[in-house]
Amino acid sequence: MLTLKDVHEARDRIHPFIRRTRLEHSTTISDVSGFDVWLKPECMQRTGSFKIRGALNCILSLSPEEGGRGIVTASSGNHGQGVACASKLRGYPAMVVMPEGGSPAKADAIRGYGAQIVFCGTKSEDRLALAAKMRDEQGMTMVHPYDDFYVMAGQGTLGIEILEDLDDVAAVLVPTGGCGLISGVAAAVKEMRPNVKIIGVEPAGSDSTGRSFQAGKRVRLDVIDTMADGVRASIPGELTFPLVRKYVDDMVLVSESSIVEAMKLILERCKILAEPTGAVATAALLTQGQKNGALPGSLRGKKIVSLVSGGNVALSQLAEILAGRS
Ligand SMILES: *Cc1c(COP(=O)(O)O)cnc(C)c1O
């Protein structure tokens, strides 16, 4: 299990290497949504997403011998950038298994940190299987994108920062893919302030966590359809899901159009560039009244923190999205 002590240790370990992102209040999104909205802009984090936190906590905890055998991971891009950046800091070779047709901007950034890339399939499970094969056959050390207690503890450091920076937080909105992020944040926040609500948000076309949450067991999706490439996991993690069950209060779904709307609002009004996945949590604030999309009415007017989890979007993709072609 993951403890608050693990998260505090992660924070001590990674803090010299990461940026302390500050909460930004948004009057516009507060007015539009009826909540008192604060954004945590992890798109400004080193590597452009929060994923550096977990990757660093894991890689800084390896022995030089484990790291020297080379690090391997599977990622749609952001975790790959975190792993590539953390490996470079330590001087370890790194290999990232990316999806065919994955974001060229993310691939370029990974190569920029000196890591190698292999492309494999389109499903997260196929990529993870290839990374595990490279671990088993080539003796590399695998840094899982979410199903790892060091990774979860690293992501959980976000929760500590939020509680330090804002009093009377009523709820934290967290996008969910494999659930490393929400497990870490929920464990940290709930252990410190049990009455803060933790609400997971995912695209309606990629709702494996919501279905699993309802069913009380991990549910696998066959078809995933969303522009939010950072949360296309087909099933929540084996290690993360028990933490979701233990700590998460609710799961809500958002539409693709609300993700685009949230991206535009965050960019135009807050001058913050979120990638589609980075706008998923904020989309929940704009989705009031829709089926499965409503946040609890008891939160109206209260302080809500929405995690803007990443900002890695190519300008060409951004142009398409802004023009309404994506
Ligand atoms: C990976 C990622 C998530 C989801 O994190 P999980 O730990 O897989 O649930 C959310 N937003 C962005 C930008 C990501 O890269």
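I71 stands opposite T141 in strand 6. The model is predicted: local features need pLDDT of at least 70, side-chain atom pairs count only at pLDDT 80 or more, and totals for chains, interfaces and linings use all residues. Residues are numbered from 1 along each chain as its sequence is written, and side-chain values use heavy atoms, with hydrogens and water left out.

Strand 3 (residues 71–74) pairs with strand 6 in the parallel sense over two bridges. Two strands count as paired if DSSP finds at least two bridges between them; helices (H or I, at least four residues) and strands (E, at least two) are DSSP runs, numbered from the N terminus. The pairing belongs to an open sheet of four strands, with parallel pairing and the order 5-4-3-6. Strand 5 (116–119) and strand 6 (141–142) each have a single partner strand and stand at the edges, so one side of each is left without a neighbour in the sheet.

Helix 5 (residues 78–90) lies across strand 3 and strand 4 (94–98), and runs at about 170° to strand 3. Axes are lines fitted to C-alpha atoms, for helices over the stretch in contact (heavy atoms within 4.5 Å). Angles run from 0 to 180 degrees between N-to-C directions.

A disulfide is a pair of cysteine sulfur atoms within 2.5 Å; by this rule the count is zero. Two cysteines illustrate the point.

| Cysteine | Closest cysteine sulfur | Distance |
|---|---|---|
| C58 | C85 | 15 Å, too far for a bond |
| C179 | C58 | 18 Å, too far for a bond |

Buried means under 20% relative accessible area, exposed over 50%, and partly exposed in between (1.4 Å probe, protein chains only). C58 counts as buried at 6% relative accessibility, and C179 counts as buried at 3%.
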